[in-house]
Each structure stands twice: as structure tokens, then as C-alpha cells.
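Student: Could you show me how to read a few features of a protein model, one at a time?
Tutor: Gladly! Let us open the structure and begin with a single residue.

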Amino acid sequence: MKELERTKRISISAVLFLLIILIGFLTFKKPQYVFEKNSASTLEKIIKKDYILSLNDLDKLEASQYAVIDIRSNYEYEKGHLKDAVNISAHDIFSKSSIELLDELKANGQTIILYGEHPDNANSAWMLLYQMGYDNAKILCVETGYKDKTFQINDYPLEKPRVNFAQFMDSAKSAKSKKIVKKEKPKKKVITVPKKKKRAPEGGC
Amino acid sequence: MSKSYKSKKILVKRRYQILAAILFLLALGLVLLPKYKENEGIDPELFVKNALSTERYISTDVLADRLINQDPTVLLIDTRSEDEFNEFSLPDAVNIPVKDFFNENLNPFLDQNVFDVILFSNDNFYANEAWMLGNRLGYTNLYILKGGLNEWFSTIIDPKYPDETMPREAFELYSFRKAAGMYFGVGEAESKTEEKPVQKKKVVTVPKKKKRAPEGGC
Amino acid sequence: MGPLIPNGLIPIEWNFVIAILIGIAFGYIMEATGFSSSRKLTGVFYGYDFAVLKVFFTSAVVAVIGLYYMDYLNFVDISQLYVQPTYLWAAIIGGIIMGVGFLAGGFCPGTSLCAVAIGKIDGMVFTVGLMIGIFIFSESFSILEPFFESSNLGHVTLVDSLGISPYWIILIITVVALIAFAFSDWVRSKVKKVFY
Amino acid sequence: MKEKKQKNRHVYWNPYFGGFLLGLLIILTFYITGRGLGASGALKSGVVTIVHTVAPTHAENNAYYSKFLKEGVFPMNNWLVFEAIGVLLGAFLSGAFTGRIKLKVQHSPKITSRRRLIFALTGGVLFGLGAQIARGCTSGAALSGMAVLATAGFITMVAIFGTGYLVAYFFRKNWI
């Protein structure tokens with residue numbers, strides 16, 4: 001019966017344990033926005049490349065199926081934009097109205113089509129929206145600009161090399177071969193990436 | 001047994017019951033707590049902030065300068081496909097196609113804090129994708145070569161001769177680019193034909209980042 | 001956030017200092033709870049002392065509840081914690097051998113160290129036995145290896161094995177533990193007292 | 001009864017209190033190091049070191065020792081070894097505070113010291129063997145494993161205690 005006198009200690013420590021958990025809850029702030037998709041599944045989606053549309057693809061879609069969103073700044077949008085496009089500047093993507101609009105589009109099953117000055121800008125916004133769970137988002141692969149003071153929108157040749165690099169280098173080498181400047185070739189570089197500080201926990205037993 | 005002992009025993013028993021109830025309630029609390037999806041990586045708000053910033057871009061001129069000065073902290077990463085990489089790439093570049101981003105042998109090149117990793121592709125697009133993936137996971141030191149190889153060729157390898165009307169800086173830039181172009185192989189065919197680009201033979205050692213090394217079965 | 005050392009929040013150099021401090025706390029708690037006494041330990045099998053069961057289950061339940069609360073509150077990332085790999089048959093056979101060894105020797109490795117520290121000769125002999133056992137295993141490793149490496153299920157948790165939410169598992173474990181406590185007290189009241 | 005208690009210095013903590021503190025310690029350990037507690041790993045390092053000192057080539061050729069022998073790393077330079085040193089210190093402190101430190105063989109009055117020691121040795125050998133096969137002992141596999149809901153932890157725990165109850169009858173003379 002020696003245990004009898006000792007329950008006070010457990011009670012005290014249990015109360016402390018509860019207090020710690022309580023403090024934890026009080027200091028806890030639930031993140032407002034979270035990424036729904038993990039990085040690995042995002043990468044899979046990226047490899048598929050089925051979310052990139054050209055202007056032709058856009059024409060084929062029915063108007064009720066999609067909503068075009070212009071992610072450029074409000075100022076640029078005012079100067080000129082694609083017909084029927086809605087402006088959600090990338091800076092205000094978390095504003096209440098933008099999120100509401102995006103949610104509504106998602107609920108209606110409509111495709112969100114993003115475009116900006118350059119596919120890169122649209123891609124950044126797409127990466128955000130896709131990872132946040134707006135898997136109905138797509139990119140319009142276009143470049144926008146102005147010509148003769150009118151808004152221009154053209155397909156952008158994505159990741160297309162402008163010249164054949166290898167050939168170009170070969171010809172460049174021989175063409176100007178007379179102007180040789182003596183110089184040392186950079187030494188072979190040995191790249192070692194040291195382990196990052198973050199260590200995987202080891203086994204214990 | 002005395003009376004006080006008996007009452008004490010009841011008190012103790014009650015205490016145990018309360019403690020048991022606390023434990024049970026705590027466990028029940030876990031079940032009942034509203035679940036939210038835990039965020040992997042950085043906050044989406046920070047993600048946007050980083051994505052909107054243009055700090056990640058490094059211009060071809062700056063890169064050329066750093067390469068010529070043999071800056072040891074530069075690590076070039078080619079995010080194009082392997083075929084394209086084999087055909088041509090920048091000196092000492094490592095090929096990590098975007099699809100291999102999480103490849104356990106290649107990922108340590110990206111997820112580190114020693115080198116300034118400069119991602120490039122023909123354009124910005126693939127490099128940007130890789131950068132965004134890293135951005136979300138909080139990788140530091142990732143940069144993008146602005147304009148990619150296209151820009152590299154039109155500025156460093158084959159710069160345009162500036163108009164006569166342009167300011168002096170344009171000519172200075174032009175001569176820098178011209179010199180840089182020579183450094184990167186323009187017009188050296190006769191003397192150094194045997195010295196093809198060396199990047200493929202480069203020795204690269206990556207320490208393997210072991211996950212959960214099954215250590216010790218005691 | 002946590003775990004602190006793997007995430008580089010505490011420099012790795014502190015690892016061994018922390019190891020010693022944690023060890024001291026571990027040893028102190030074990031000794032103070034009576035785990036240095038083999039007769040107290042084996043009491044759980046004869047019903048005269050349930051300290052092992054109580055300590056074991058209380059600590060497991062407290063730890064698992066605490067860790068999951070910490071995970072919920074983002075103090076620690078459960079998925080980063082070390083989960084030992086499950087080698088199904090190795091675990092079962094090893095457990096059976098350990099069970100026999102427990103009853104014969106009256107200690108387990110951690111408690112035998114406590115017993116050594118307070119001068120129990122049987123504890124020291126047990127520890128020597130442990131090392132001999134490890135030696136035998138290592139020497140016959142080439143024979144045992146196929147079995148040792150077989151039926152590897154990977155670093156699985158009950159969540160993966162049973163496919164239910166960890167929170168329900170915790171609730172079930174807690175209830176089982178509480179029932180076990182009540183049951184052990186009842187058994188103890190029936191069994192003849194043994195003084196040691 | 002009271003006298004007996006005092007004489008034998010068996011005033012231990014309330015097991016629930018001990019368990020509670022141990023639970024907190026496990027949380028702390030996982031929070032700081034990302035791993036659990038352990039004990040037998042330290043002994044394994046000890047064995048590896050001894051074998052490596054006595055017969056270096058043998059140790060390097062053995063598939064099991066060589067796992068723990070890395071170039072330039074002393075096998076005793078291990079987290080678990082330091083933890084085990086701590087355990088010894090901690091237990092000694094606790095024993096010293098309560099006056100439990102005494103060189104003796106603890107055994108049931110029904111058996112001799114000799115028998116107790118023989119059984120302790122056999123038990124130790126079996127436990128050492130089993131702990132290696134199961135990749136962890138009670139503290140390492142079962143206790144820490146249960147804290148993170150590891151399947152291996154539960155299996156090992158059930159196997160140890162299940163077997164314990166099955167064979168308890170045969171060893172009753174040693175303990176009761």
C-alpha cells in the first residue's frame with residue numbers, strides 16, 4: 001500500500017501537462033491558407049504539361065466552360081486585356097474577393113485560365129493555385145505587349161531554342177578563329193555538396 | 001485498518017479515477033479536434049511574395065562575369081532534358097531535368113546552402129518551375145538565369161553591335177560581352193579543338209543524404 | 001519546428017551532451033520507480049507487482065498523446081521522427097526469445113544498467129550475459145542473416161498497418177491501458193502479497 | 001509490514017508517476033533528437049569495440065560488426081553509448097539519494113545466489129540475442145516504438161510480454 005501517499009505528485013504533474021497543452025492551444029494559430037497538393041504530386045502534374053493552352057486551344061473551348069484571368073497589375077489590365085478577362089493581380093491573389101471568385105469557379109467546374117505578360121508569370125500563379133488545390137487552373141501560353149498602341153497577345157514558343165546552340169558554337173568557333181586570345185581554360189571543377197545541416201533522425205533503441 | 005486510512009484510500013481511488021478521466025479525455029480530444037491539412041513547406045503567402053520578387057533572376061552579364069572570375073560558389077544547373085544537355089550546355093553545368101527534382105541523388109544539389117544554384121533552361125520556363133518547387137519547400141540560394149540560354153546566346157555569344165547613337169555604356173557592355181564570348185569558346189576552334197566542353201566529364205561528388213538510416217538494432 | 005537536432009535548431013555538437021542528460025533522467029526515473037529490482041520487474045507476470053505494466057503503459061500513452069498534440073500544434077513533425085523498421089518475423093521471434101530471457105534473467109537491458117549502477121551483482125551478470133548474447137548473434141550472423149533481413153515491411157507505423165486514423169488508435173490504446181490498470185489492481189488484490 | 005519496507009528501502013515512486021515522467025522524457029527525447037530512448041545499442045557498441053580491439057580483422061570481415069565499423073569513427077562514439085553512461089549516472093544518483101546502493105545479489109528466498117546468477121546469465125544471453133534479432137529491446141523497440149505508433153514496437157511488446165506470461169509458470173520458483 002506504499003503507493004497511497006504518492007498520488008499528489010501525479011496530480012500536480014498531470015495538471016502541468018494539461019496546462020502545457022492548453023498554452024499550446026492558446027498560442028496556436030491555424031494557418032489561413034495551406035497547400036493542398038504536396039510537392040511530389042505537383043511535380044507529376046508539371047511533367048504532364050497538360051495545363052498549357054495556346055490561343056487556338058482557347059478558341060476551341062466553349063465560353064461557359066472557362067474564365068480567363070489576367071494576372072497582370074490593374075494598371076496594365078486597364079490599358080488593354082483579352083476579351084472577357086477578369087483581372088486578379090498576382091499581388092491581390094489572397095484578397096477576399098479573389099479567393100471567392102476562384103472558389104466559385106472551382107465549384108462550378110469552370111477552368112481557370114491564367115495569363116500574364118509572359119508564360120513565366122502565369123506559371124508562377126499557376127504553381128500557387130494548383131498547389132493550393134485549384135486543380136482546374138490552366139495557363140495560356142502567351143506573351144502580351146503593345147504594338148501601335150493596341151494590345152497584342154500572341155502565342156509564345158515555350159522553351160524553344162532560338163538557335164541550335166551546339167551548331168552555333170561550332171560555327172562561332174571556326175568563324176572567328178583568327179582572333180585567338182590566349183587564356184586558360186577554367187579548371188575542371190569538382191563540385192561537392194556538403195550535407196545540409198538537417199539530419200535525418202537516427203534509430204534509437 | 002483505521003478509519004482515516006480507509007477514507008484516504010477512497011481519496012486516492014478518486015484521484016486515480018480523475019487522472020484516468022484526464023488521460024481518456026486527452027485522447028478523446030485528439031479524435032475530436034478539427035483536422036486541418038498540414039502545410040508542407042512555406043506559407044502560401046510567403047510563396048507569392050517570393051514569386052513576385054524578381055530577386056531570383058540573375059542576368060547573363062552578371063553570370064558571365066562570375067564565371068570568368070571563377071567564382072567558386074556558382075553552381076549551374078541545367079533543367080532541360082538530358083538530350084538537350086548532352087548537345088550543349090554551359091560549362092560545368094549539372095543536368096537536373098525538372099522531372100528529376102526529387103531524385104535523391106540530384107536533390108542535394110538543389111537543397112543546400114553552400115552554392116548559389118543558378119537554374120537555367122532554353123527559356124525561363126523550366127527553370128522557373130524548378131525554382132517554384134524549391135521555393136515552396138524553402139530551399140535557399142536558388143536563382144534563375146534570366147532569359148535562359150536564348151538570352152545567353154543573344155548577349156554573350158553573339159552580342160549585337162550597338163548603334164553609333166547609343167551611349168558609351170552600351171559599347172563598354174558590348175566589348176565586355178565580346179570578351180566574355182571569347183572566354184566561353186567563340187573563335188577558339190583551331191587552338192583548342194581537342195578541348196571540347198568538359199562539363200560531361202566533370203567529377204561530381206554528392207554525399208548521399210540518407211533518410212532514416214536504419215541504425216542499430218540494439 | 002522540432003525535432004530540434006535533425007532540423008539543425010540545436011547544433012549537432014550538443015547531441016552527446018543531451019544524450020547524457022537524457023540518459024541521466026532516464027536512469028533516475030527507472031531506478032526511482034523500482035526498475036532496478038528484478039523481483040519487482042517480474043512481479044507483473046505473477047500478479048504481485050504491476051509496476052512494469054503501469055509504468056510502461058502510462059509512459060507510452062502519455063508520450064503518444066503528447067507527441068500527437070505537439071504534432072497537431074506544429075511543435076514537432078511526427079513524420080520526421082524515427083520509426084524503426086518492421087521486420088515482422090524477426091520482431092516476433094526476437095520478442096519471444098526476449099520474453100524467455102526476461103523471465104529467466106529478470107531484467108531488460110535498460111533496467112540491468114540501473115541495477116549495475118546500484119551494485120546489484122545479478123544485474124552485472126545479466127549485462128555480461130547480454131554482451132555474450134550480442135556476441136553470439138554477431139558471430140552467427142551469416143547463418144541468421146537471411147532470417148534477419150526477411151519480411152521487411154519498412155518503416156511502418158500502426159497507421160499504415162491498420163489504415164485507420166492515428167487518433168483513433170491512440171484512443172483505443174488509452175482505453176486498453178486504463179482497463180489494464182484497473183484489471184491489474186483487481187488482480188493484485190486477489191494475489192498473495194510477496195515482499196522483496 | 002511497515003518495518004519491512006523501511007528495512008529494505010523499497011520506497012519506490014508511484015508507478016503512474018514514474019510512467020508519467022518517463023512519458024514526458026520520451027516526448028522530450030523525440031522533440032530534441034527525433035529518436036527514442038534505448039539501451040542495448042550501447043552494449044552492442046561495447047561488444048563491437050571489444051571484438052574490434054581483440055581481433056580487428058575478424059571484426060572487419062564479419063558482416064554484422066562491419067556495419068558498425070566505419071573508417072575513422074570509433075564505435076563507442078555513439079548516441080546510445082552516451083545515453084547509457086547517463087543511465088548509469090542517473091540510476092546511481094537515484095540509488096544514492098534513497099540509500100539503495102549496496103553490492104548484493106537479489107533473489108527469492110527460495111533459491112540460492114548461485115542459481116540466481118546462473119539464471120541471470122542465461123537470461124542475459126537470451127535477451128541479448130533476442131534484442132539483436134528484433135532490432136531493439138524493451139526500451140528501444142517497445143517503449144519508444146509505441147510512442148510513435150511503430151508497428152515493430154507493438155509487435156515486439158506483445159511478443160515479449162505474451163511469451164513472458166506463457167513461460168512465467170516454469171520460472172515461478174525463481175521469483176515468488
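Student: Is C:Ala117 buried or exposed, and what do those words mean?
Tutor: Buried means under 20% relative accessible area, exposed means over 50%, and partly exposed is in between (1.4 Å probe, protein chains only). C:Ala117 has a relative accessible area of 12%, so this residue is buried. Before we go on, note that this is a predicted model, where local features need pLDDT of at least 70, side-chain atom pairs count only at pLDDT 80 or more, and totals for chains, interfaces and linings use all residues. Residues are numbered from 1 along each chain as its sequence is written, chains are lettered from A and ligands numbered from 1 in the order in which they are written, and side-chain values use heavy atoms, with hydrogens and water left out.

Student: Where does C:Ala117 lie?
Tutor: Helices (H or I, at least four residues) and strands (E, at least two) are DSSP runs, numbered from the N terminus. C:Ala117 belongs to helix H5 (residues 109-117) of chain C.

Student: Which residues is C:Ala117 in contact with?
Tutor: Contact means heavy atoms within 4.5 Å. If we leave aside neighbours within four places in sequence, C:Ala117 touches D:Leu88, D:Ala91 and D:Phe92.

Student: What does C:Glu31 pair with in a salt bridge?
Tutor: A salt bridge is a side-chain nitrogen of Lys or Arg within 4 Å of a carboxyl oxygen of Asp or Glu. Here the partner of C:Glu31 is D:Arg100, at 2.7 Å from N to O. D:Arg100 sits in the loop between helix H6 (79-98) and helix H7 (113-133) of chain D, while C:Glu31 is in helix H1 (residues 15-32) of chain C, so the pair joins two chains. Both D:Arg100 and C:Glu31 are buried.

Student: Which residue forms a salt bridge with C:Asp122?
Tutor: That is D:Arg116, at 3.1 Å from N to O. This pair joins two chains as well, because D:Arg116 lies in helix H7 of chain D and C:Asp122 in helix H6 (residues 121-139) of chain C. D:Arg116 counts as buried at 2% relative accessibility, and C:Asp122 counts as buried at 0%.

Student: How many salt bridges are there over all chains?
Tutor: A search of the whole structure finds 16. One within chain B links B:Arg66 and B:Asp116, whose closest N and O atoms are 2.9 Å apart. B:Arg66 is in helix H3 (residues 60-68) and B:Asp116 in strand E4 (residues 116-120), so the pair ties together parts of chain B that are 50 residues apart in sequence. In chain A, a network of salt bridges links A:Asp70, A:Arg72, A:Glu76 and A:Lys79.

Student: How can I describe chain C as a whole?
Tutor: Start with its elements: chain C has nine helices and two strands, in the order α-α-α-β-α-α-α-α-β-α-α along the sequence. Then look at burial: 64% of the 196 residues in chain C are buried.
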